[in-house]
Structures are given as C-alpha cells and as structure tokens.
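Thanks for coming. I will take one protein today and go from its overall layout down to a few single residues. Please look at the model first.

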Amino acid sequence: MSKKRDPLQHDDEGYLLNTTEAAITNYPSPIRQDAHKLSDEEKIARIEPKMREILEILGLDLEDESIKRTPYRIAKMYVSEVFSGMDPKNFPKISRWKDDFHHDQNTNIVFMRVGFTSFCEHHLVPMNGEAFVAYKPNGHLIGLSKIPRIVRFFAKRPQLQERLTAQIADALSKVLQTDDVAVSISATHYCVVARGIEDEGSHTITNVLRGQFNSNPHVREEFFDAIQRIPKHRV
Ligand SMILES: [Zn+2]
C-alpha cells in the first residue's frame, strides 16, 4: 500500500498522541461546530425542562412518583451515556506497538465480534447488534480491548448504521495505519420493530471492506468465514 502520513504519532511508551484526531472520519455525523461549548452539566440542566415540557404536552402527570425524575434521567442519559460519543475527547486512549507476531502471511488477520447498542438518528430509539471487525496488521497492533471501545464510541451517537460501519473502519485504519480493514454490522432497529413495521427477528447488514478485504477474494472469504465461525459470547 502507499505510504501515508501518520496523523497519530505516539510517544516512547506507545501511547498514541492526540487520539481525538482518530474520532474525525471521512463520514462525519451531523454535529454542529459549537456542540462542545456547553459543559455536560449545563446541557443536562437545559435539556431537563424541555423534556419535562414534551412529556407534559403528551399528557403525563409528572407529579407521579414513578416518573417525577424522568425528564432529568433522560437528559443525563443523553448527555453522559448514550450520546457521549458525540464528543471527540471521549475517544478511547490507545497505545499502539510494533507487531512482532504476524510474520506468517496466512495467519495474520485479527478478528473480533463486538456487541453494541446505538440510537437511530431518525427516531432516537435503539438499534442493537454486533459489529464484526477485522484488520491485517501493517506493522502495528493495538490492545484487543480497544476494538470494542472504538466501536462503542461511534455507537454512542445518534447514528445511521451505514455511517457507523464506515466511521469504525476509518478510525481503525487511522489508528493501525493500514487500509486492510473490514467491518460488518448486523443490527435490529427498534424504530422499525416498535412501530410494528417489522418484527424483532429483522436484521439489517452493512459491510465496509477496504484494502485486501476488498481486492483479495481469499482474504474477503476468510473474513466472511470467520463471521460464521466465531462463537457468540455473552458478556
Ligand atoms: Zn429509525
């Protein structure tokens, strides 16, 4: 592959410097320039009364003990939890080191299955599923625990499944300095299920295959074989 500029230099310990750069992809989410001007606390304080108003307009009695704090719970969940991946500074801290293991060309695909929950940006209801992520090391490795963190960082935004798939591929490519990445996502969209359009068994699949996963049929086949074979773990 062509030599490209490494936007993520690392220090002597292997820690990547400026990982927020890896959060910026070629498939940007519709996030405003001024999105990070308010602190998380300020956002929660401003969303809470607006959420209260929505629920009151719907006719809910917010004096009821059970739902009294629902406007606050929703505001906090949006800002601190399910949409925390809107802020690039929440991109996981990653160390990257030299790959001394994968000298054999036939055994050098790193493959992982990652469960995630995201929110569809059209209805703000969950989509959940699994991301199958693979890369061929190009002289670099990252800790395996970082792959789920990268997936979940991009999942924690109002999302489109297609964009989520491409954003994960872009970030892995940047962090690992290789074009040889593949991401396949299978997800159930609860906006479709909850509204009765499709049932819970419906899955949508999106694939992004880059580098050798796109150009080499053997590598591509190995990826799709691995999806079938890799055991399902419930964590
Ligand atoms: Zn939707």
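**Layout, sheet and core**

Two remarks on reading the model. Residue numbers start from 1 along each chain, as its sequence is written. The model is predicted, so local features need pLDDT of at least 70 and side-chain atom pairs count only at pLDDT 80 or more, while totals for chains, interfaces and linings use all residues.

Now the overall extent. The C-alpha trace spans about 65 × 45 × 30 Å along its principal axes. The protein has 7 helices and 7 strands. Here helices (H or I, at least four residues) and strands (E, at least two) are DSSP runs, numbered from the N terminus. Read from the N terminus, the order of elements is α-α-β-β-β-β-α-β-α-β-α-β-α-α.

Burial comes next. A residue is buried if 20 or more other C-beta atoms lie within 10 Å of its own, exposed if 12 or fewer, and partly exposed in between, with C-beta atoms placed from the backbone. By that count, 25% of the 235 residues are buried. For contacts, two residues qualify if their C-beta atoms, placed from the backbone, lie within 7 Å. Among contacts between residues at least 6 apart in sequence, 70% join residues at least 24 apart.

On to the sheet. In what order do the strands of the open sheet stand? The order is β5-β2-β3-β6-β7, 5 strands with mixed pairing. Strands count as paired if DSSP finds at least two bridges between them. At the edges are β5 (158-159) and β7 (204-209); each has a single partner strand, so one side of each has no neighbour in the sheet.

Take the pairs in turn. β2 and β5 run parallel and are joined by 2 bridges, and Cys120 is opposite Gln159 in β5. α4 packs on this sheet and touches β2, β3, β5, β6 and β7. The direction of α4 makes about 150° with that of β6; axes are lines fitted to C-alpha atoms, for helices over the stretch in contact, and angles run from 0 to 180 degrees between N-to-C directions.

β2 and β3 are antiparallel, with 10 bridges, and Phe119 is opposite Pro126 in β3. Their hairpin has 5 residues between the strands, and Leu124 there takes a positive phi near 50°. β3 also pairs with β6, again antiparallel, over 9 bridges; in this pair Val133 faces Val183 of β6. β3 is mostly covered, with 7 of its 10 residues buried.

Which residues have the most contacts inside the largest nonpolar core? They are Ala131, Val133, Val151, Ile168, Leu172, Val175 and Val183, in a core of 36 residues. A nonpolar core here means a set of buried Ala, Val, Leu, Ile, Met, Phe, Trp, Tyr and Cys residues joined through C-beta atoms within 7 Å. At least two core residues come from each of β2 (110-120), β3 (126-135), α3 (146-155), α4 (161-176) and β6 (181-189). The largest contribution is that of α4, with 7 residues. In soluble globular proteins, nonpolar side chains tend to be buried together.

Within α3, the buried residues are Ile147, Ile150, Val151, Phe153, Phe154 and Ala155. Their cover includes β2, β3, β5 and α4. Val151 itself touches Val114, Phe116, Ala131, Val133 and Ile168, not counting residues up to four places away in sequence.

Is Val175 buried or exposed? Val175, in helix α4, is buried because it has 26 C-beta neighbours inside 10 Å. Apart from neighbours within four places in sequence, Val175 is in contact with Leu8, Leu16, Ala22, Ile94, Arg96 and Ile142. Val175 and Ala22 are 153 residues apart in sequence, yet 6.7 Å apart in space, C-alpha to C-alpha.

Ile230 lies in the segment after α7 (217-229). Ile230 counts as partly exposed because 13 other C-beta atoms lie within 10 Å. Its contacts, leaving aside neighbours within four places in sequence, are Phe111 and Arg113. From Ile230 to Phe111 there are 119 residues in sequence and 8.8 Å in space, C-alpha to C-alpha.
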